[in-house]
Amino acid sequence: MSVGYVYDPVYLQHDTGYHSENANRLTSILSYLEKTGLLAELKIIKPRAASIDEIAAVHDREYISYLAYVAKNGGAWLEVDTVMSPKSYDAAVYAAGGTISATDEVMQGKVSSAFALVRPPGHHATYDRAMGFCMFNNIAIAAKYALSKYKLERIAIIDFDVHHGNGTQDAFNSDPHVLYVSTHQYPHYPGSGNAEDTGTPEGRGTILNVPMPAASGDHEYHTVFEKIIVPVAKRYKPQLIMVSAGYDIHWSDELAQMQVTTTGIADIVRFIKQLADEFCQGKIVIALEGGYNLEALSTSVKATFDVLMNKKEIEDIMGTPKRRVSNPDIAPLVKQLKAIHHLS
Ligand SMILES: [Zn+2]
């Protein structure tokens, strides 16, 4: 079965000027996928607009109307990191809707897995606040939609963006129907996501925060997936895996200090794919979050598709970090997380 991608020029109309999160991110990905011939092997999925009710499953209705009002009045900075242009509201509604479209295609068996190449990104957006380049929480909105529309009991959201997905955790903090897993640089923006934070008692511990020290690389990510994330996910037995894919973990990314290579990103996606193959008939819905070095972003998104399509060869034209620093010892973190999450 084919792998799908969501894309539409509406996402380019969210005009952020010289901001790191700009339209060149998507055009670079698309042109690289085209140049390498991969795009022709994928099924394009047209996004639809998310309805106000669908967005309101995660966000305050007044906040939704406020964003529509700001866009209609020419746009503005919503907070220090997040700017709206006149078309940003439409892009945001289609970013949430595009992630829903990807979910429908996957759940209805029209594609095996799908990647929503959307912007603005979503995982920092909270109930009533834009944050960290995000307006609507695309992955959370699509997960709420999937729980209700397809009567799912257990969805795992795996967020490997370098920043903690505070908005996504907020949305599912008290919800045992979603296992939210986040690997992120810690301490770092937005400050949340410590190891002891496993959600509220009503959520029954279905928040797994993996706060990684700066300079973590392929080996450290492999270790936490192998020893912590995979065992927790296997115990949870998800029916669908959703992914917040942030390529700002790449060593070349200037917004954080990790040392992951494109090969290491492919390794992470392989862990996720094996879980999906074992528990979810391969069903994976991915939404684009961060990633600001355009070459690393494009080549790593391609590597993600290569893994989804079971290709053996992963091309890593950027190689290893130019200025390598010594990798941190994550044995204490692994030990701590095993204790917190009751792993043997
Ligand atoms: Zn990020």
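Biologist: Where does P190 lie?

Modeller: P190 is in the loop between strand 7 (178-185) and strand 8 (207-212). Strands are DSSP runs of E with at least two residues, helices are runs of H or I with at least four, and both are numbered from the N terminus. This is a predicted model, in which local features need pLDDT of at least 70, side-chain atom pairs count only at pLDDT 80 or more, and totals for chains, interfaces and linings use all residues. Residues are numbered from 1 along each chain as its sequence is written.

Biologist: What is the omega of the peptide bond from Y189 to P190?

Modeller: Omega is near 0° there, and the bond is cis. A cis peptide bond also joins R119 and P120, with omega about 0°. P120 sits in the loop between strand 5 (113-116) and helix 5 (138-149).

Biologist: Why is A215 called partly exposed?

Modeller: A residue is buried if 20 or more other C-beta atoms, placed from the backbone, lie within 10 Å of its own, exposed if 12 or fewer, and partly exposed in between. A215 has 17 within 10 Å, so A215 is partly exposed. Its phi is near 75°, a positive value in a residue other than glycine. A215 belongs to the loop between strand 8 and helix 7 (218-236).

Biologist: What makes K237 partly exposed?

Modeller: K237 has 14 other C-beta atoms within 10 Å, and is therefore partly exposed. K237 is not a glycine, yet has a positive phi of about 55°. The loop between helix 7 and strand 9 (240-245) holds K237.
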